Amino acid sequence: MSSVVLTLTMNPSIDVSFSCDQVRAEIKMRCSQPLYEAGGGGINVSRALKKLGGETIAVFAAGGSGGELLDKLLSAEEINRHPFKIGGENRENITVSENSSDQQFRFVMPGIKMSSDECQAAVDAVSADDLEVDYVVASGSLPPGVPDDFYADLAKRMKPAGHRMVIDTKGEPLRRVATEGVYIIKCNLREFKDLCGEDLADEKELLVAAHKLLKDTGSENLVITLGAGGCFIVTQDKSRHFHSPTVPIRSKVGAGDSMTAGIVFKLSTGSDLDDAVAYGVAAGAAAVMTPGTELCRKDDTERIYELILSQDGKQS
């Protein structure tokens, strides 16, 4: 039986996706019927976890009619929810697929400014006594009004309860929380270079910087994603490169969140970190095979995971 994973989304969205033949200026573009999905880093992790068979609770900011729609969409996917109220209206993000070129155009809206009381409501929701969880995934951007050290302060609060915190964000919030000794820091290569403040010319320099970061901050594990190149997993005493198999690409939306979900899902079932990261790479690859904003599918993830294991066996 898997343990429960709580996800936190401070800046959720209604993700609207549709297609048209060609994106052009100053003309009416006839579009397909729009698809509405609950979105935002942590929410996407919970949705992917549910698809993979995991137990999850989604904590998220909910405001106005957008918040009501978020709750309705997550309820339809049978995801356990713990929304906290905000005074503003949840944002919408738009993804347009151009049929003539197979390109995607993504329009990301800013979040609504949150007050200090609303930030505290988020902390209270994550820390609620009736929520028995083992992993806390804080994923996504912070909306205006939320201080850069919000995730760092949350990490401090999670430690006494014994929760393992997984962080997937960027910029100053990432720099702040990295110093708090979290269980997993997940970032892409560009975000890691920004975090280190170095250019990092090659793999050797990358791994030296990664081990130094873990030693200096007390964080336990670092996952650096490389897109189609897979990822590096770096711990206090070792590192490993997981390669991603080549798969047909339909959309890259949701691949990072699916990867996070795959990692935490396997950890929640008792797998070791190497096995969990292999499964996460499979989930991320499975996500790019799906259209629009759809996340990973379990059957694709399992098939790619077995392929990764077989390739690893041949290389060892």
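This is a predicted model: local features need pLDDT of at least 70, side-chain atom pairs count only at pLDDT 80 or more; totals for chains, interfaces and linings use all residues.
My note on terms: on a 1 Å grid over the protein atoms alone, a pocket is an open set of points where a 1.4 Å probe fits, with protein on both sides within 12 Å along at least five of seven lines. The volume is the space filled by probe spheres set on the points.

Next I checked the lining (residues with an atom within 4 Å of a point). It has 49 residues, and K252, G254, A255, G256 and D257 lie nearest the centre of the largest pocket. Elements giving two or more residues to it include β2 (13-20), α1 (41-52) and α8 (255-268); helices (H or I, at least four residues) and strands (E, at least two) are DSSP runs.

Then I turned to the second largest pocket, with about 210 Å³ of space. I counted 13 lining residues, with S97, D102, Q103, Q104 and R250 nearest its centre. β7 gives the most to this lining, with three residues.

Last, I followed α8. Just after α8, G270 takes a positive phi of about 100°.

For my records, residues are numbered from 1 along each chain as its sequence is written. Local features need pLDDT of at least 70, side-chain atom pairs count only at pLDDT 80 or more, totals for chains, interfaces and linings use all residues, and side-chain values use heavy atoms, leaving out hydrogens and water.
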